[in-house]
Amino acid sequence: MTVASTEVMTFAGGALLAFCIATEIGRELSFKAASDGAAGQHAYLWSLAKQPVLWLGIVFWFVEMVAWILVLERTPLSVAFPFMTLTYAGVPIAGALVLKERLSRSQIAGAALVALGVTCVGISGL
């Protein structure tokens with residue numbers, strides 16, 4: 001199935017895209033938590049490999065890849081890809097909420113501007 005450039009994002013494509021964004025954020029949080037858990041260990045790579053959250057991140061990575069391919073079947077890349085970059089705003093915010101990382105006011109403002117800009121670019125292709 002090919003997607004004509006004039007097609008718009010369907011509800012299914014939008015839901016899959018939101019799922020991709022969520023799984024990418026989950027993957028990044030998992031990888032960060034795994035690296036924190038293995039930090040300072042003598043055999044770092046072995047310690048990292050023993051972190052269950054690392055393997056959760058790898059599962060997120062695989063699931064996201066499959067979902068992304070399904071998104072691309074339903075949505076033009078020129079629409080889908082800008083929305084995927086919402087992770088640039090979502091990961092730092094999720095890091096602050098879940099991992100208790102600190103964000104400065106300018107980082108929060110930057111994340112908001114990225115989200116706004118990505119949304120403008122994405123919806124202009126709809």
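Buried residues account for 32% of the 126 residues in the protein chain. The model described here is predicted. The protein chain contains six helices and zero strands, and from the N terminus on its elements follow the order α-α-α-α-α-α. Along the principal axes, the C-alpha atoms of the protein chain occupy a box of roughly 55 × 35 × 15 Å. When contacts between residues at least 6 apart in sequence are considered, 74% of them join residues at least 24 apart.

Two packed helices are described by the angle between their axes and the distance between the axes. The table gives both values for each pair.

| Helix pair | Angle between axes | Distance between axes |
|---|---|---|
| α4 and α6 | about 170° | 8 Å |
| α1 and α4 | roughly 35° | within 10 Å |
| α3 and α4 | about 145° | 10 Å |

Helix α4 covers residues 77–84 and helix α6 covers residues 105–124, and the two pack at an angle of about 170°. Because angles over 145 degrees count as roughly antiparallel, α4 is roughly antiparallel to α6. The crossing of these two helices, α4 and α6, is left-handed. On the α4 side the contact is made by V79, P82 and F83, and on the α6 side by V118, T119, V121, G122 and I123. Sorted by class, the contact of α4 with α6 comprises six nonpolar, two polar and no charged residues.

Helix α1 spans residues 11–38, and its axis crosses that of α4 at roughly 35°. The crossing of α1 and α4 is right-handed. Here L17, C20, I21 and E24 in α1 meet A80, F83 and M84 in α4. The contact of α1 with α4 has six nonpolar residues, no polar residues and one charged residue. F83 therefore belongs to two of the described contacts, since F83 of α4 takes part in the contact with α6 and also meets α1, where contact means heavy atoms within 4.5 Å.

The partner of α4 in the remaining pair is α3, with an angle of about 145° between α3 and α4. In this pair E64, W68, V71 and L72 in α3 meet L77, A80, F81 and M84 in α4. The classes in the contact of α3 with α4 are seven nonpolar, no polar and one charged. A80 and M84 of α4 are among the residues that meet α3, and they are also among those that meet α1.

Helix α1 has 28 residues and extends 40 Å from its first C-alpha to its last, close to the 40 Å expected at 1.5 Å a residue. Just after α1, G40 adopts a positive phi of about 80°. E28 is located in helix α1 and is partly exposed, at 30% relative accessibility. I58 is placed in helix α3, residues 52–74, and is likewise partly exposed, with a relative accessible area of 34%. E28 and I58 are 30 residues apart along the chain, and their C-alpha atoms are separated by 9.8 Å. Between E28 and W68, 40 residues apart along the chain, the C-alpha separation is 16 Å.

The loop between α5 (87–98) and α6 contains K100. Although K100 is not a glycine, it has a positive phi of about 60°. K100 counts as exposed because its relative accessibility is 66%, and exposed means over 50%.

Notes:
Residues numbered from 1 in each chain as written. Predicted model: local features only at pLDDT ≥ 70, side-chain atom pairs only at ≥ 80, totals over all residues. Heavy atoms only, no water. Axes fitted to C-alpha atoms, helices over the stretch in contact; angles between N-to-C directions. Helix = DSSP H or I, 4+ residues; strand = E, 2+ residues; numbered from the N terminus. Parallel < 35°, antiparallel > 145°, perpendicular 65-115°, else oblique. Left-handed = near helix turned anticlockwise from the far one by under 90°. Nonpolar A, V, L, I, M, F, W, Y, C, P; charged D, E, K, R; others polar. Buried < 20%, exposed > 50% of the residue type's maximum accessible area, 1.4 Å probe, protein only. Expected span 1.5 Å × (residues − 1).
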